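Me: I have a new structure to get to know. Can you walk me through it?
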Amino acid sequence: MALFMESKTTSEQEGAKSTPIDILLLLSMILLISFGILMVYSASRELDGSRVMERQVVFAGIGLGLFLLLSWMDYREFRLFSPVVYAVTIFMLAIVFAQAKVAGTNRWLSLPGGFNLQPSEFAKLSVILLLAAVLAGTFDDEDLTWRRIGAALLMLALPGVLIVLQPDLGTALAFGFVTIVVLFAAGATIWQLSGLFSLAGLGIWIIFKYELLRDYQLARLTSFLDPAADKLGDGYNVLNSLTTIGSGQLFGRGLFNGALTERSFVPEQETDFIFTAVGEQLGFVGGALVIIAYALIILRLLRIATSASDRFGSLIAVGVGGLFVFHVVVNVGMTLAVMPVTGIPLPFMSAGGSSMLAMCMALGVAHSVWRHRDLKPARSKS
Amino acid sequence: MRLEIRVAALATVFALMFGALVTRLWVVQIAEGPEHVEMSQSLEWSESESTAARGDIIDANGVVLATSVQVPGVVVTRSQIPTDVEAGVIQELAGVLARDPAEIAELFALAGSGSTFTVDGVTPEVAYFIMTNKSRFPGVSIRNVPERVYPEGAFMAHVVGHIGRVSKEDLVANSDLDPNGTVGKLGVEGSYDKYLQGEPGAEFYQVRPDGTPFGERRTVPAKQGSTVQMTLDAGVQMTVENALAAGIEWAKGLKDTDPQRGAVVVLNAKTGEVKGMASFPTFDPSQFVIGLTQTEYEALRDSQAFNNLVIQGLYPPGSTMKAFVYATAVEEGIYPDSANRQTPDGSLECTGVLTANGLDDGSQKRFTDPGHGIVDLHTALGKSCNIYFWEVALAIWGKYQGTDKENILQRYARSVGLGSTTGIDLWGERAGRVPDRQLFEQWLVESPALISETRKNGSLWVGGDLMNVAIGQGETLATPLQMAVGYAALVNGGTVWEPTVVDRIIGSDGTITDFQSGIRNQIEWSEEFENIIREDFTRAIAPESGTAYTAFRSMENRFLVGGKTGTAQRVGHPDSAWFIGMAPIADPEWVIAVVLEDGGGGGTSAAPVARQIFQFLFGEAIDPIGAGF
């Protein structure tokens, strides 16, 4: 807590002279990406050699490029062009339905050259930008009205429905978490928040009453409560994941020395379950350091939020921060059997292009908020 | 509330969540760590292979001659059988399969420890029994396994080939083979095995210390082998096989014959592709799938049913050799020069007797043959006049004896492919030989037993030997395929093909690899030769004096066919019948070589077989073999 309160004063003193780059943010990001590439290699080399790792390096390069590009753009452009962002997001989420289902879902968009894009990963950033744009209001000191909250929820409805139809429960939950975080930061009152929670409660009641969740979705959401209940079903990943991480103990078995990782004991160990590779090979020390690196990024994002030149920027930073919290807590929690298995990747570490690019872009936009913090905000008072 | 306070509140909540995460990590790795380590050490891995279905073999039009079907099989995964109950499992299996326990135990031993193998021959009842009594059969499962099927049975058997169990030799040749699998042994099954094999799949299991699998982890599906499309045409092949069988049957009724074997090949002279290929007697490749008894196997082997006589049958070419002597004569300008026979226009009078002086030891030798009257090179080919071609040999002998051109005739024969394998894409092809002085010198050193005492004491290689070469006798040997390739080179502008039976490979993913016949040699024939050779080949068929006139008399398009008969003599055997034909003769596409071993005269026995095939190729109704006689 003290860390980020203090840093605010420091940066205010440094003002415009300060370095335009948030070194800590950039370093943590590069550290996690590099570490992720190493882990992906350790988890995929037995079956795929260096192929998966090489792809990850390429995506990391493109991701860093996008991060820098967006950092140097003025984030307020996104507010001007938010209708375009909205249209593109809806379009991308919609055209996946025109393609053949993969593993029972319409989650992927096949691109020429053998690449598969996952629009829902990018939609998370779009939702943050749109929420920030709608909730920021015209003036930064305006109160958050029910009307504005209603507009935000209405705006979210279409992408939300498309995500649920895919179906991609994890992304839908990410939308929900980020929305609550941004609403809170935007100044929602206790009454507004409790009103919204009641609404959500009603929604969940309806879902169960009319059995709107697919069986496998329900099973995944509940299996983490007792992974041993179904050894070959959904609990199977989690049981293997626990054994793998647990066998790492304090210092781990050593890099490239993980007997279970080498044998792909955990399905999806180079993507969603990449944290098992960290846990087994580098132990509690390695796992905790990774979590600390994410904590640093999130602290910096919250710091950016409090120093932004306008409320739009603040809400973007808070939203991106919320997104990272959700991804890290749900993903790592899933490997530790305290969160459901919902296919939420670990940012910068899970193998996969869409997640890597989307997360780099999200940090890039937040970093742009930081770089443009000294611009005069549009304020009606003070 | 100000933004800063709200963000601080969020930070607190986030910090608590992260704190919980690290605490949970501590619990899993430190508090419960030893428990997980123990669990991880108690796990073992095992994998079980699944057999890939062998690719299909199809003809040029897609007719399936070999394919794979899925049949239930008893699959034993030894890695899943706890060692202490293995003997019991063997007993149970032997009981349910009604086989000797020792036999089953041997299968286990052959397959090796930790391996996966299929025990064949399972009935639905047995499959059901094993499936419903799983506890008695740990590590034994009923799975669909691919089995080779030859829908057309013995049809095209020598080209399609057969499969068999992988032997030690097979493993030496290709270490990628599954020692418990099958491999192509003959024909396309053999020479294209690497395309047909496919890639085995695998299932990886986790196994508890007691050997029981828990949880299937990963399945790599088996990849079906590629489809091999042959150049052969089932329609042509059907005619070829029927004609060959009918020809042998017909020849059996002739005087002084004993035909038991024969071979026919239809070659495309323009592409080197084999369109039909049959060897008699034959076998049904399915027998290798169900299994042959030792007696059955030996009977088939002794009848040479497994030999593809088109590429493995070595016969003296007899008079079919004369076409190459013809080519030598024209290209080298060497014609009979015996003063007593010479007529003003270069022809000679064949009286049926040839008296040669001083060929080796100075004595006079007398050779006889039916008299053909006045013949020249062209009519001599049609009438197959030995005297004329002997005279050509004598002219060569007289002119070049002892010089480096002494073997000029053999050189021509070799340039069109005799004396070495054609390089066809089938196994076991034999090279034959074109004898010369060097061969006998070599034999003298390496295997003197092959050389008669007279030769050893006198001259090793004499003019009479060259005369024998000129009529395809003596030590001259060739396969039907070599003769077809050689004749194709005479009429296709000099291309000596490396023939192929496979046109292309169609991968299981649809990728196509095309094969083309290679060119072993390209001969530049003189204009004089090119102008006359095709017409001269019709002389055996069209005129009444032709040696195959009777055999082709009933064929409408006989004027479009050229060819040459041959009657090969072997000591202690009836004559063997040869016919090599080409059509359409103006620009031949098809070359057909027929041999009926111990089948009599070429014009009488072999030519009618070729005629039937030509009738099919020209779309005519096929007359019986005996028609015209």
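Predicted model: local features only at pLDDT ≥ 70, side-chain atom pairs only at ≥ 80, totals over all residues.

Me: Let's talk sheets. In what order do the strands of the open sheet in chain B run?
Reply: The order is 12-11-23-22-21, and the pairing is antiparallel. From one strand to the next, the twist averages 5°.

Me: Which strands stand at the edges?
Reply: Strand 12 (274-280) and strand 21 (562-568) of chain B. Each has a single partner strand, so one side of each is left without a neighbour in the sheet.

Me: How many bridges join strand 11 to strand 12 of chain B?
Reply: There are 6 bridges between them. B:Ala263 stands opposite B:Ser279 in strand 12.

Me: Which helix packs on the sheet?
Reply: Helix 10 of chain B, residues 234-252. Among the strands that helix 10 touches are strand 11 and strand 12, and its direction makes about 35° with that of strand 12.

Me: New topic. How many residues does the contact take from each chain?
Reply: Chain B gives 30 residues and chain A gives 39 residues.

Me: Which element of chain B gives the largest share of its side?
Reply: Helix 1 of chain B, with 19 residues.

Me: How does that side of chain B divide into nonpolar, polar and charged?
Reply: It has 18 nonpolar, 6 polar and 6 charged residues.

Note on methods. Residues numbered from 1 in each chain as written. Chains lettered and ligands numbered in written order. Contact = placed C-beta atoms within 7 Å. Helix = DSSP H or I, 4+ residues; strand = E, 2+ residues; numbered from the N terminus. Nonpolar A, V, L, I, M, F, W, Y, C, P; charged D, E, K, R; others polar. Pairing = 2+ DSSP bridges. Axes fitted to C-alpha atoms, helices over the stretch in contact; angles between N-to-C directions.
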